[in-house]
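Please find below a colleague's note on the model under review. The points are numbered so that each may be checked separately.

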Amino acid sequence: MISTLSGPTTAQPVGVSPSRLPRRRAARQRSRTAAVLRLSVGITIAVGFLIPLLWMITGALKTSEEVTASPPQLIPSSLHLENFVDAVNYIDFWAYLGNSVIVTVFSVIGTLIACIPAAYAFAVLRWRGRDTTFGVVLFSMMLPFPAVMVPLYLIFKNLGFLGTLAPLIVPPFVGQFITPAFSSALAIFLLRQFLSQLPYELVEAAKVDGAGPLRLLVQIMLPLAKPVIVTVTIMTALSSWTALVGPLIFLNSDSLSTLSLGLQLYQSQHFTAYNLLLAASTLFVLPVLLLFVLTQRYFTAGATQGAVK
Amino acid sequence: MLTPWGIGVLGLVAIPSLLAIYWSFTDFNLFTVPRWVGLDNYVGLFADPVFIKSVTNTLYMTGVGVAVGTSMGLGTALLLQRTGRTTSTLRAVIFLPAIVPPVATGIVWTFILNPQYGLLNAGLKAFGIGPIGWLSNPDFAKNGLLMMVLWGTVGQVMVTFVAALQEVPVDTLEAASLDGAGPVRTFTSVVFPSLRGVLLYNVVIATLFYFQFFEQAFVVSPTNLGAPAQSTLTYALYLYQQAFTYLKMGNAAAMSVMLLIVSSLVIGAFFAISRRAGKR
């Protein structure tokens, strides 16, 4: 697995032949200047990317006058932590949070239950039409959700799913967790990628020992596949937590709203209470940021696997 | 082992797609029975200036978004490709916005781009620019929207390029340097060719992303979709509007089918090109 954020710290050797020492010293000097320059540009860009988040957090701590002051007031006069309490009381925060947690947990469980066996079937088992069927996975990995959202809405309506959380909970269990950021198809792809890299001797050894395909999967492959399973879990949880389109279309009542949708409703209804809006946003983003700090390498593993392989 | 997935593909992808194709030739509003109207929906859409506007908006954002996003991703990757504590921290910071929920991104950026008290205009004022209505002036709104999207996507593009750059064999780079190739020459003839696959991947993924771009565009103006003056009305937003605001399911289905066809062509071209590149 490639982890590009916190990679190994091996210095790349500089390829200069030893016979040209004076030139080498000049080159080293030049490359050091370049490195400093490169670093300062990098730091500037990184700070630029960080500003919106800092602005959100500081805005959440300001009074409503400070937050819309012109010119902008960079630092809050004092830390107005009561904004968080007000924001939570202002909307049905705990109900939204509960819905978000339910949807996220079931999305993860469903995705793992549906995608691990499917990936195993594509990676390890041999059957006719396997590669063609896998083509369907690759294709559905990129299929735009808006193209099917209208028919899906009507199908869920006929199934009696509307008015419940089922439209977001059931699809993951049949391998159709679909959000803009991550999908079941991508999960199958990542899992298959990993499983098919395991040595085939494992399969043969298991056969000799008389283990069936199910035991082979559960007892031998799953423990080995832990890193990729963690990646899939994190990606599914994150994208389920943050998704807006699905909840917006399928959950048409306030009491069913996830935090994402609830925050959106709050924004369109109370556009002016910016400090509270930013406080609610901060509470919404915080778990994600924490997750990121704790499990950084799995995030990038998910983001890079599809591209490099 | 494949049964659940098979049921899902059939029930939630294949059948909906077929239904969309059928409904695109009918007129219905959720409560009536679909009535066959032939190609009327398609003809009607192409005569609808708002539809055309949503298409051109989407194409504009795709063009600019893909070009700027890919070059910024590649640029930051080249800048920060070295391994080490500092560069990996900087990469993590640039990647961070990718995990911020689109709703939160939309809220924070609407605030930053506000013409009166926004942070961006305050910064630009120091250089004597503005004030610019980043989201309130139809001439700028698409770019304001693109800014917030790029904030969240550049990091993702960057990490794919960094991963690819770290796979470039060190001895090839050494050989190039021994042959007297400067940094520019090394990049164009050694590094760039090995990035081609990732470049293609990023362009395709970004193109498909903008074709179905919805979330931030919805959040910046949820009560008046596409405002100001339909300048931020994306294809997906208009599809949503046709279905759930006007209840014109036939029109929405026709738009779904066209999106399906165009996306399939892009995906098909991607696989064809990467297969050909793989054979070489």
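1. Basis of the note. The model is predicted; local features need pLDDT of at least 70, side-chain atom pairs count only at pLDDT 80 or more, and totals for chains, interfaces and linings use all residues. Residues are numbered from 1 along each chain as its sequence is written, while chains are lettered from A and ligands numbered from 1 in the order in which they are written.

2. Chain A overall. Chain A has 15 helices and 0 strands; helices (H or I, at least four residues) and strands (E, at least two) are DSSP runs, numbered from the N terminus. Of its 309 residues, 43% count as buried. A residue is buried if 20 or more other C-beta atoms lie within 10 Å of its own, exposed if 12 or fewer, and partly exposed in between, with C-beta atoms placed from the backbone. Among contacts in chain A with a separation of 6 or more, 77% come from residues 24 or more positions apart. Two residues are in contact if their C-beta atoms, placed from the backbone, lie within 7 Å.

3. Domains of chain A. The assignment gives domain 1 (21–85) and domain 2 (91–269); such bounds come from an automatic or database domain assignment. The centres of domain 1 and domain 2 of chain A, taken over C-alpha atoms, are separated by 36 Å.

4. Helices H4 and H8 of chain A. The axes of H4(A) (residues 93–123) and H8(A) (residues 184–195) come within 8 Å and cross at roughly 45°. That makes H4(A) oblique to H8(A). Angles under 35 degrees count as roughly parallel, over 145 as roughly antiparallel, 65 to 115 as roughly perpendicular and the rest as oblique. Axes are lines fitted to C-alpha atoms, for helices over the stretch in contact, and angles run from 0 to 180 degrees between N-to-C directions. H4(A) passes H8(A) in a right-handed crossing; a crossing is left-handed if the near helix is turned anticlockwise from the far one by less than a right angle, and right-handed if clockwise. Residues of H4(A) including A:Thr111, A:Cys115 and A:Phe122 meet residues of H8(A), among them A:Ile188, A:Leu191 and A:Arg192. By class, this contact of H4(A) with H8(A) has 12 nonpolar, 2 polar and 1 charged residues. Ala, Val, Leu, Ile, Met, Phe, Trp, Tyr, Cys and Pro count as nonpolar, Asp, Glu, Lys and Arg as charged, and the others, Gly among them, as polar.

5. Contact between the chains. In total, 79 residues of chain A are in contact with 82 residues of chain B. Helix H1 (residues 21–60) of chain A supplies the largest share of the chain A side, 13 residues. That side divides into 54 nonpolar, 24 polar and 1 charged residues.

6. H14(A) (residues 274–294) and H5(B) (residues 102–112) pack at an angle of about 145°, with their axes 10 Å apart. H14(A) passes H5(B) in a left-handed crossing. The contact is made by A:Tyr274, A:Leu277, A:Ser281, A:Phe284 and A:Val285 of H14(A) and B:Ala104, B:Ile107, B:Val108 and B:Phe111 of H5(B). These residues divide into 8 nonpolar, 1 polar and no charged.

7. A:Pro146. This residue is found in helix H6 (residues 146–158) of chain A. A:Pro146 is buried, with 27 other C-beta atoms within 10 Å. Leaving aside neighbours within four places in sequence, A:Pro146 is in contact with B:Gln212, B:Phe214, B:Ala236, B:Leu239, B:Ser256 and B:Leu259.

8. Backbone geometry in chain B. The peptide bond from B:Ala227 to B:Pro228 is cis, with omega near -5°. B:Pro228 is found in the loop between helix H10 (215–220) and helix H11 (235–245) of chain B, and B:Ala229 lies in the loop between H10 and H11 of chain B. Phi of B:Ala229 is near 50°, a positive value in a residue other than glycine; B:Ala229 is exposed, with 12 other C-beta atoms within 10 Å.

9. Helix H4 of chain B. Because 8 of the 11 residues of H4(B) (residues 85–95) are buried, this helix is largely enclosed by the rest of the structure. Its buried residues include B:Thr87, B:Arg91 and B:Phe95.
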